[in-house]
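Q: Before we go through the labels used for this fold, please show the sequence and the model. I would like to know what each label rests on.

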Amino acid sequence: MDKWFPRLYDIAMLPFERTRFRRIRQDLVGTATGSVLEIGAGTGLNFPYYYQAQQVDAVDPNPLMEQQSLARKRAALVPIRTHLAQAEELPFADNTFDTVVATLVFCTILDPEQAINEIVRVSKPNARILLFEHVRMKQTLLGKAQDWLTPVWKKICDGCHLNRDTLVLLKQTDLSLKHVDSYFDGLFLVMEATNEK
């Protein structure tokens, strides 16, 4: 993992967070209830928006990202515990969480199918799965541009796949997709699913 990427992440995201992303995060993360797992918490951009959760366990594999999240963790309205862990190997017991949150992270997970399997394992039956992700665009030319840019983009942006389609991945699992909202002509999706195991 590059050391410069965590340091620049908040600066790079600032224009997006000041416009639409902040509202999307508030509306999505603000509905998380009970015992919550956040996958890929990064610098803690979601931490201020946990209004209804009892407690949040936030995982990220990057120690520099976790370090940058500490101020937001201390300022949060609910207790937050951070863990250095991969999404593909979560350090939690089966059937632990009422809600799972992941925002702008599935693009970087090395094995997203295994990460979804782990989410299913550690979340309770009927748990809510809340995702905000960028995906490969349906518009042919834009989708091909994402395919073309992805190899270079991965090197610059800590493994981010511009063309990963998390919605398709979700549809191939045992999760039950309940709702999808599209933003920026389908580049970003907000998805809600339930774990109906």
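A: Two strands count as paired if DSSP finds at least two bridges between them. The model shown is predicted. Leucine 130 stands opposite glutamate 192 in strand 7.

Q: What makes strand 5 and strand 7 a pair?
A: The requirement is at least two bridges. Seven bridges join strand 5 to strand 7, and the two run antiparallel, so they count as paired.

Q: How do you know that strand 4 and strand 5 pair, and in which sense?
A: Six bridges link strand 4 and strand 5, in the parallel sense. With at least two needed, they therefore count as a pair. Within strand 5, isoleucine 129 is the bridge partner of valine 100.

Q: What makes strand 2 and strand 3 a pair?
A: Strand 2 (residues 53–60) and strand 3 (residues 80–84) share five bridges and run parallel. The threshold is at least two, so the pairing stands. Histidine 83 in strand 3 is the bridge partner of valine 59.

Q: Why is the unit of strand 2, helix 2 and strand 3 called right-handed?
A: A crossover gets that name because, with the strands pointing away from the viewer, the path from the first strand over the helix to the second runs clockwise. Strand 2, helix 2 and strand 3 make a right-handed β-α-β unit. Strand 4, helix 3 and strand 5 also make a right-handed β-α-β unit.

Q: Which residues of helix 3 are buried, and what do they pack against?
A: In helix 3 (residues 112–122) they are Pro112, Ala115, Ile116, Glu118, Ile119, Val120 and Val122. Their packing partners include strand 1 (34–39), helix 5 (166–171) and strand 6 (175–183).

Q: Why is serine 123 called buried?
A: Buried means under 20% relative accessible area. Serine 123 has 0%, so it is buried. The residue lies in strand 5. Its side chain reaches the backbone oxygen of isoleucine 119 at 2.7 Å and makes a polar contact with the side chain of asparagine 195 (2.7 Å). Beyond its neighbours within four places in sequence, its contacts include Phe97, Val100 and Lys197.

Q: How do you know that methionine 191 is buried?
A: Its relative accessible area is 0%, and the cut-off is under 20%. Methionine 191 lies in strand 7. Leaving aside neighbours within four places in sequence, it is in contact with residues including Leu130, Leu167, Leu177 and His179.

Q: Why is glutamine 55 called partly exposed?
A: Partly exposed falls between under 20% for buried and over 50% for exposed. Glutamine 55 has 25% relative accessibility, so it counts as partly exposed. The residue is in strand 2, and its side chain makes a polar contact with that of aspartate 57 (3.5 Å). The C-alpha atoms of glutamine 55 and serine 35 are separated by 5.2 Å, although the residues are 20 apart along the chain.

Q: What makes the phi of leucine 104 worth noting?
A: Most residues other than glycine have a negative phi. Leucine 104 is not a glycine, yet its phi is positive, near 50 degrees. The residue sits in the loop between strand 4 and helix 3, and at 14% relative accessibility it counts as buried.

Q: Where is phenylalanine 184 found, and is it buried or partly exposed?
A: Phenylalanine 184 is in the loop between strand 6 and strand 7. At 42% relative accessibility it counts as partly exposed. Its phi is positive, about 55 degrees, although it is not a glycine.

Key: Residues are numbered from 1 along each chain as its sequence is written. This is a predicted model: local features need pLDDT of at least 70, side-chain atom pairs count only at pLDDT 80 or more; totals for chains, interfaces and linings use all residues. Side-chain values use heavy atoms; hydrogens and water are left out. Buried means under 20% relative accessible area, exposed over 50%, partly exposed in between (1.4 Å probe, protein chains only). Helices (H or I, at least four residues) and strands (E, at least two) are DSSP runs, numbered from the N terminus. Contact means heavy atoms within 4.5 Å. A polar contact is a pair of N or O atoms within 3.5 Å; within protein, one must be able to donate a hydrogen and the other to accept it, and residues adjacent in sequence count only if both atoms are side-chain atoms.
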